[in-house]
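Here is a short report on helix packing and nonpolar cores. Please look over the sequence and the fold before reading on.

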Amino acid sequence: MLKLSQRENCKKKIFYFAITLCSIGSHLDVYCPPSKRARISSPYASSFNIFEEEKTPSIEVLPDECLFEIFRRLQGGEARSAAACVSKRWLMLLSSVRNSEICKTKNESQNDVDMTSRNEDLELESDGYLTRCLEGKKATDVRLAAIAVGTASRGGLGKLSVRGNNSTPGITNLGLSAVARGCPSLRVLSLWNVPSVGDEGLFEIAKECHLLEKLDLCQCPSISNKGLIAIAQNSPNLSALNIESCQNIGNESLQAISRCCPNLQSITMRDCPLVGDQGLTSLLSSASSALKKVKLQALSITDLSLAVIGHYGKTLTSLVLSGLQNVSEKGFWVMGTARGLEKLTSLTISSCRGTTDASLEAIGKGCHNLKQMCLRKCCFVSDGGLAAFAKASGSLESLQLEECNRITELGIFSALSNFGSKLKSLALVKCMGIRDLTLETPLLSSCESLRSLSIRSCPGFGSASLAVVGKLCPQLHHVDLSGLCGITDTGLLPLVESNEAGLVKVNLSGCLNLTDKVVSAVARLHGGTLEVLNLDGCSKVTDASLFAIADNCFVLNDLDLSKCSITDFGVAALSRGEQLNLQILSLSGCYKVSNKSVPSLRKLGKTLVGLNLQHCNLVSNSTVELLMEDLWRCDILS
C-alpha cells in the first residue's frame with residue numbers, strides 16, 4: 001500500500017475529480033453497469049452535506065457506484081495503479097471495471113505505449129505479454145485483482161498460473177472475474193487445486209478473453225460442463241486443453257470443443273469419471289480435427305475409443321494411453337490394424353492390461369513412422385511380443401521398457417538383433433524378469449545404430465548379460481548402468497574395450513562391485529571423448545582411478561566421486577591434470593578427504609562452477625568459508 005501522505009494526496013485528487021463530476025450535473029452521461037446496484041441520490045446528497053458541515057473533504061463516504069464512475073475516468077494506467085494502492089475497497093472496485101468500460105483520452109493510448117517501453121525489464125515473454133504465477137497462500141482474490149489492475153497498462157497479462165492448496169480458501173470467482181475484466185489479452189490460463197472457482201469465473205473468462213489459446217484445469221471440482229462449454233464457444237483460438245481430476249466435466253464439454261475449436265492441437269484428459277466414449281469419439285472423429293497430441297489417463301473408456309483413434313487419428317503425432325482398465329486386447333489390436341495412425345511418431349502405453357503380444361505386434365505393423373515407444377507396467381507383454389514388434393517397426397529409434405516383468409534378457413538380445421539399423425536408444429528400468437545369462441546365446445546380429453543404453457535398477461542383470469550387450473552394441477556414446485549392484489569389472493570391461501565410437505557419458509552410480517581396473521580402462525580408452533562420469537557409491541574406487549582420469553581425460557567436465565574411497569592424495573593428483581577442465585565436481589560422502597585438500601581444490605576451482613562437499617566430515621566449516629571467498633564464482637554445497 002502507499003504511504004499515508006501519498007494515500008491522502010491520491011484521495012484528495014480523486015475527491016476534487018468527483019466534485020468536478022458533480023458540477024457537470026445533468027450534462028454528464030453517467031454509465032452504470034448492469035451488475036451494479038441501482039443508484040440512489042439521497043445518500044449521496046446527505047454525504048455531501050457532511051463535507052460542508054465538517055469542512056473536511058473525504059471521498060470514502062461516496063457509494064461504490066460513484067467511485068466506479070470516477071475510476072473508469074481516471075487517465076492513464078499509472079493513475080489507476082496508484083488509486084488501487086489506496087485501500088482494498090478501491091482495489092476491488094478498480095478491478096471490477098472492464099477494460100472496455102475505461103474512458104480513454106486521445107493521448108492515453110500513446111502514453112500506454114510509452115509506458116510499456118519503459119517497463120521492458122518486467123517479466124515480458126517473447127510474445128510481448130506479462131506472466132504471473134500465484135502459489136499457495138499467495139493465491140488470493142486480492143492479489144488477482146492487483147494483477148488485473150497493474151498489468152493492464154504494462155503490456156497486458158498473457159499467462160496466468162494459479163496453484164492453490166488445501167490449507168487456505170484460495171481464489172474464488174471474484175478474483176478470476178477481475179482478471180477477465182482487466183486482462184482481455186490473456187492467452188494461457190492454468191488453475192490447479194482451486195475448489196472455490198466455478199462456472200461463473202469461467203463465464204467471465206469466456207466473455208472477455210477471446211484470445212485464449214491454452215487452458216489447464218486440475219482439481220477444480222466446482223467447474224462443470226457449463227463453464228467449459230462457454231470457453232469452447234468463445235475461444236476459437238484454443239489450441240491446447242488439459243483437464244485433470246475435474247469430477248463434473250464430461251462428454252458434453254468434449255462435444256462442444258469438437259464443434260467450436262477447430263484449432264485444437266493438444267488435449268489431455270486424466271481422471272475425469274464423466275468422460276467416456278461418447279465425448280472422445282465425437283472429438284476425435286470431428287471432420288475439422290487437427291489434433292496432434294492426445295493424452296488419455298485413468299478414464300472409463302472402452303475399445304470403441306481406441307478404434308476411433310486408430311481410424312481417425314490421421315493427424316496424430318504423439319499418443320499417451322495410461323491406466324485404461326476397460327480397454328481390452330481387442331481395442332489395442334484394432335487401433336493398430338486400422339492403419340489410420342500414419343503420422344504417429346511417439347507412443348506411450350502405461351498400466352493397460354489390454355497390451356499383449358498380439359496387440360503390440362499389430363501396433364508395430366500399423367504405425368509405420370513410429371520412432372519413440374515407451375511401455376510401462378505392461379504385465380502381459382513377453383519376449384515373443386517384443387521380438388514381433390521389433391521386426392514390424394522399421395522406423396523405431398527409441399525404446400523404453402519399465403516394469404515389464406515378463407521380458408527377459410533373451411527377449412532384449414533378440415530385439416536388439418531385429419530392430420535393424422535405426423534404433424538409437426534403449427532404456428530398461430525395473431524389469432525384474434531379466435536374469436543374468438547362464439547359457440550361451442545364439443549368434444545374433446549386432447545393433448550398430450544404438451548410441452544410448454540405459455539399464456537402471458534391474459537387479460538380475462549381471463556381468464554375463466552386460467558382456468553380450470557390449471559386443472552387440474559397439475557404437476555406444478551414452479551408458480547408464482545405475483543401480484546394477486550385480487555387475488563387476490568382468491562384465492563391463494568387454495563393453496568398454498569393444499566400443500568403437502568413444503564413450504561420452506557414463507553413469508555407474510550404485511555399482512558397488514566395480515573397481516579401479518574398469519574406471520582406469522574407461523579413462524585410458526575413452527579419455528578423448530568422455531565428458532560426464534558418475535561413480536557415486538562405487539566404494540571400491542580409490543585414488544588410482546583419479547590418477548588415470550587426470551592423465552587421460554581431456555574433455556571431462558562433470559565428475560561425481562560421491563562415497564568413493566578417495567583421499568587427499570587422489571584430489572591432489574586430480575588437480576595436477578594439466579589438460580583437465582572440470583566444471584562440476586562432487587566429493588559428497590568422501591570421508592577420507594580433509595582440510596589438506598584445500599590447495600588442490602583452489603587449483604581445480606579455476607574452472608569449477610559447482611563443488612559438492614556435503615558429508616565430508618574432515619573438512620571444517622571454516623575451511624569451506626575460506627573456499628567460498630576464494631572460489632566466488634563456484635557454487636559450493638557443504
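In this predicted model, the cover over the buried residues of helix H17 includes helix H16 (383-392), strand E11 (398-402), strand E12 (425-429) and helix H18 (463-472). H17 itself spans residues 409-418 and is mostly covered. Of its 10 residues, 7 are buried. They are Glu 409, Gly 411, Ile 412, Phe 413, Ala 415, Leu 416 and Ser 417.

How do two other helices pack? Two packed helices are described by the angle between their axes and the distance between the axes. For helix H11 (residues 251-260) and helix H12 (residues 277-284), the angle is about 10 degrees and the axes lie 8 Å apart. Angles under 35 degrees count as roughly parallel, so H11 and H12 are roughly parallel to each other. The table lists the residues that make the contact.

| Helix | Residues in the contact |
|---|---|
| H11 | Asn 251, Leu 254, Gln 255, Ile 257, Ser 258 |
| H12 | Gln 278, Gly 279, Leu 280, Ser 282, Leu 283 |

By class, this contact of H11 with H12 holds 4 nonpolar and 6 polar residues, and no charged ones.

Now the nonpolar cores. The largest has 165 residues. Leu 191, Leu 217, Met 373, Leu 481, Ile 549, Leu 585 and Leu 587 touch the most other members. Leaving aside residues up to four places away in sequence, Leu 587 touches Leu 561, Ile 566, Val 571, Leu 601, Asn 612, Leu 613, Gln 614 and Cys 616. Another core, of 6 residues, lies apart from the largest one. Its members include Leu 62, Cys 66, Leu 67 and Trp 90.

Definitions and conventions
Residues numbered from 1 in each chain as written. Predicted model: local features only at pLDDT ≥ 70, side-chain atom pairs only at ≥ 80, totals over all residues. Heavy atoms only, no water. Buried < 20%, exposed > 50% of the residue type's maximum accessible area, 1.4 Å probe, protein only. Helix = DSSP H or I, 4+ residues; strand = E, 2+ residues; numbered from the N terminus. Contact = heavy atoms within 4.5 Å. Axes fitted to C-alpha atoms, helices over the stretch in contact; angles between N-to-C directions. Parallel < 35°, antiparallel > 145°, perpendicular 65-115°, else oblique. Nonpolar A, V, L, I, M, F, W, Y, C, P; charged D, E, K, R; others polar. Core = buried A, V, L, I, M, F, W, Y, C linked by side-chain atoms within 4.5 Å.
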